[in-house]
Amino acid sequence: MFFGLLYPLLFELSVLIPDPAFSQESNPVYREGNRASSTRTFLTRTFIKHEFHHLNVPLVGTVAVSDVFDCTLECLSNPLCYSVNLAAFKGTHGKLWCELLSSDKFRNSTEYKGNKSSHHFAIESPCSSSPCQHEATCVTNYRDGSFGCRCAKGFKGEYCEKVTGSCKEAYNLFKSNASQMVTLYLDSKPITVLCQMGDFGCGDGGWTPVMKINGHQETFHYDSLYWSDKNEYNTPGGRTGFDSQETKLPTYWNTPLSKICLGMKISGQLRFIVINMQANSLHSLIADGIWRASSLGRNEWKKLIGAQGSLQLNCSKEGFNAVCSLSRHSKARIGYVANENNHCDSCDSRIGFGTGGSPGNSTTCGNVAAYSPDNGDRYIKAMGYILVQ
Ligand SMILES: *[C@@H]1O[C@H](CO)[C@@H](O)[C@H](O)[C@H]1NC(C)=O
Ligand SMILES: *[C@@H]1O[C@H](CO)[C@@H](O)[C@H](O)[C@H]1NC(C)=O
Ligand SMILES: *[C@@H]1O[C@H](CO)[C@@H](O)[C@H](O)[C@H]1NC(C)=O
Ligand SMILES: *[C@@H]1O[C@H](CO)[C@@H](O)[C@H](O)[C@H]1NC(C)=O
Ligand SMILES: *[C@@H]1O[C@H](CO)[C@@H](O)[C@H](O)[C@H]1NC(C)=O
């Protein structure tokens, strides 16, 4: 074809092919130029030349051609062809090899490379403008010119522009009950946590880890500033599941919640209970020190401890910042406190997380009970887990 001689090295080639939905024309029409020349009755396919490039994906055919027009026409007449590689130099018989490709460089970007002996021709598509963000894969639907973004893990939205902020979102995104590492974007910075997916004891869905408290340590004692500040503690502990590493993650002040999963591990035995509560974050329920009541009842709280669970019979205050009026007595950032007298002055028993006060001030998570509790005196230190959904 004579066109080949007229084209400079860099060009756009428009091939107008009849759209069967609109036109009965049997002969394809080829025209140089821009898309302004297209009419409604034709689908426009503009091939964009990428000099000295090659896309290494499975072929749907190879043909020997005289020029780029023959090559692109072969591609357009094959419904499985989405782009072509064309020899940069003619072979012995004056022909060029033309590879018809089963994919495009947007979908298989890692297979697209510079190459001294090949030019690559890609059909212009919405993906040409790189609409998908965060290393997403752009997939063109060549039939109607639409496109879709296949997001990398942790991203969502039409253009993968949205980032995942909680394990609940990750669960809705991945639709899987397999617990997995997920990079959450909080305070606009990434943090990788182990998202607990599915029902491990707190019900279905994705559970975001928030804190892990060792009842033997004073890190998260009731009096610790960690309950009111926005400082993290040992974030790698957010990736290791129900073990004995303590942690406080940025999810404490960032992750909105409607359920709080509370777990205690005592002598290797894990037990869980759930509080239903709407809040902007766990921090918003605790940091100001104001008591916010829950209504699980003592038997539910005792489930965290098992058969050993013990509490006094009166006062019976539960929830967040559960304290009696004498602050040197039993208190809990999350938990249940009780007294033997019919008032809330001097509680001597508790089950909870972030605990402290008399008796057993050194127990920061677990069950402490003295002065006529309902199931004997207790000094049980637990490993505590707090997750939200
Ligand atoms: C091309 O990408 C698709 C998915 O986008 C993938 O399944 C396929 O393995 C890739 N092919 C090559 C040759 O890389
Ligand atoms: C360049 O393309 C040719 C033709 O398909 C291929 O055989 C060769 O391996 C490619 N070279 C590189 C460096 O990718
Ligand atoms: C996860 O498991 C629950 C049953 O515990 C099931 O109802 C749900 O459909 C599962 N979800 C997924 C995404 O597989
Ligand atoms: C404590 O509560 C129990 C059970 O509700 C009740 O029987 C008892 O009288 C109360 N004790 C005091 C000192 O008020
Ligand atoms: C209880 O323990 C905390 C943390 O170790 C400490 O700061 C506080 O002074 C103790 N309180 C009493 C009354 O011993």
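The model is predicted: local features need pLDDT of at least 70, side-chain atom pairs count only at pLDDT 80 or more, and totals for chains, interfaces and linings use all residues. Residues are numbered from 1 along each chain as its sequence is written, while chains are lettered from A and ligands numbered from 1 in the order in which they are written.

The chain holds six helices and 26 strands. These are DSSP runs, numbered from the N terminus: helices are H or I with at least four residues, strands E with at least two. Of the 389 residues, 41% are buried. A residue is buried if 20 or more other C-beta atoms lie within 10 Å of its own, exposed if 12 or fewer, and partly exposed in between, with C-beta atoms placed from the backbone. Contacts require C-beta atoms, placed from the backbone, within 7 Å. Among contacts between residues at least 6 apart in sequence, 56% join residues at least 24 apart.

Helix α3 spans residues 167-174. Its buried residues are C167, K168, E169, A170 and Y171. Their cover includes β14 (180-186), β15 and β16 (206-214). K175 follows α3 and has a positive phi, near 50°.

Strand β15 covers residues 189-197 and contains P190. P190 counts as exposed because it has 12 C-beta neighbours inside 10 Å. Leaving aside neighbours within four places in sequence, P190 is in contact with T183 and Y185. T164 lies 26 residues from P190 in sequence, and the two are 9.6 Å apart in space, C-alpha to C-alpha.

An unreviewed UniProt entry annotates residues 123-161 as "domain: EGF-like". UniProt positions follow the numbering used here, feature names are shortened, and annotations may be inferred rather than shown by experiment. This span is 33% strand and 0% helix. Its end C-alpha atoms lie 25 Å apart.

A residue is near a ligand if its C-beta atom, placed from the backbone, lies within 6 Å of it. Ala, Val, Leu, Ile, Met, Phe, Trp, Tyr, Cys and Pro count as nonpolar, Asp, Glu, Lys and Arg as charged, and the others, Gly among them, as polar. V57, S103, R107, N108, E111 and T137 surround ligand 1. This shell has one nonpolar, three polar and two charged residues. Around ligand 4 are L313, N314, N341 and N342. One is nonpolar, three are polar and none is charged. Ligand 5 is surrounded by E218, H221, D223, R328, G356 and N361. That shell has three polar and three charged residues, with no nonpolar ones.

Key: Two residues are in contact if their C-beta atoms, placed from the backbone, lie within 7 Å.
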